[in-house]
Amino acid sequence: IIVVDGVCKGVVAGGKQYFSQSVLLATGGKSYPLTGSDGSGYVLAEKAGHTVTPLEPSLVPIVCSEKYCADMMGLSLRNVTLLLYDGKKKIYSELGEMLFTHFGVSGPLVLSASSHISKMESGRYKILIDLKPGLSLKQLDARILRDFSEFKNKDFINSLGKLLPQKMIPVIISLSGISEHKKCNEITRAERHRLLELIKAFPITIKAFRPIAEAIVTSGGVSVKEISSKTMESKLVKGLYFAGELIDIDAYTGGFNLQIAYSTAYLAAVSYTHLRAHETR
């Protein structure tokens, strides 16, 4: 960026100077490099004197400590409730869809949950998944008792097919501590309650984020304190405008980040047009 006496005069690209009456920086964040966004805009902003807040992945898949997540790779869960805990404090809860992968978990619920993790530390954050959010503990217990009654002379492993996805059954059995070959009519009340707790609060320990290149958006960027919210023009360099993910703004998945990009670009363009029209009068 060419800046003379606090005014943006153009840009340097490929060793050549291009002069203009204003410059719009809309180079995107550091995540999702397949879109052509490589984070170079942050370097340009810093050279122009702007502050760039720390860059972190946001809306990003999560690496989990438990091996059983990888054992269920490819399993997609729908209409489940994901609860995110920072220690004992619940910081996020939502109903929706998620996916188990070779490294941990992903999907809409997980991406949204990741944006609530402010300081990643292995083991600090935990996820509990309510696999049957539409049923209370009492209702779920009654449902399990009916299934046990139907399969009373069968092995425990054969009684869960109507309740859980096939890929999840071996994991649930292992965590429950109930022998897969135990007859359903021999399962104790305490064992049944452990099964209930697992279904209503399936545990996952968060180990890390996946790399920022796999994130949907970048958290952090050019400080909003140094940009006019009315025009998107820099408060430090006249004639320099900003738009999109380059700015320290990010939101949930679902089109919100695209809307931020469109709206800030539109505002910058309209502001510049109005400014030029006023100057030519």
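**Salt bridges, cysteines and a helix**

Biologist: What is the relative accessible area of Asp86?

Modeller: Buried means under 20% relative accessible area, exposed over 50%, and partly exposed in between, using a 1.4 Å probe and protein chains only. Asp86 falls in the partly exposed class, because its relative accessible area is 23%.

Biologist: And what kind of model is this?

Modeller: Residues are numbered from 1 along each chain as its sequence is written, and side-chain values use heavy atoms, with hydrogens and water left out. Local features need pLDDT of at least 70, side-chain atom pairs count only at pLDDT 80 or more, and totals for chains, interfaces and linings use all residues, as this is a predicted model.

Biologist: Which residue forms a salt bridge with Arg124?

Modeller: A salt bridge here is a side-chain nitrogen of Lys or Arg within 4 Å of a carboxyl oxygen of Asp or Glu. For Arg124, the closest N and O atoms of the pair are 2.9 Å apart, and the partner is Asp86.

Biologist: How many residues apart in sequence are the parts that this pair ties together?

Modeller: Helices (H or I, at least four residues) and strands (E, at least two) are DSSP runs numbered from the N terminus. Arg124 lies in the loop between H3 and S10, while Asp86 is in strand S7 (residues 76-86), so the parts tied together are apart by 38 residues.

Biologist: Which helix holds the Glu of the salt bridge with Lys162?

Modeller: Glu150 is the partner of Lys162, with the closest N and O atoms 2.8 Å apart. Lys162 is in the loop between H4 and H5, so this pair links parts 12 residues apart in sequence; Glu150 itself is in helix H4.

Biologist: What is the total count of salt bridges?

Modeller: Another one of them joins Arg210 to Glu214, with N and O atoms 3.0 Å apart at the closest. Some share partners, and that joins Asp86, Lys119, Glu121 and Arg124 into one network. By the rule above, the count is 11.

Biologist: How many disulfides are there?

Modeller: A disulfide is a covalent bond between the sulfur atoms of two cysteines. The rule used here asks for a pair of cysteine sulfur atoms within 2.5 Å. By that rule, the count is zero.

Biologist: Which residue just after H5 takes a positive phi?

Modeller: H5 spans residues 169-176, and its buried residues are Ile169, Val171, Ile172, Ile173 and Ser176. What covers them includes helix H2 (68-71), helix H6 (189-200) and strand S11 (202-209). Just past H5, a positive phi of about 80° belongs to Gly177.

Conventions
Contact = heavy atoms within 4.5 Å.
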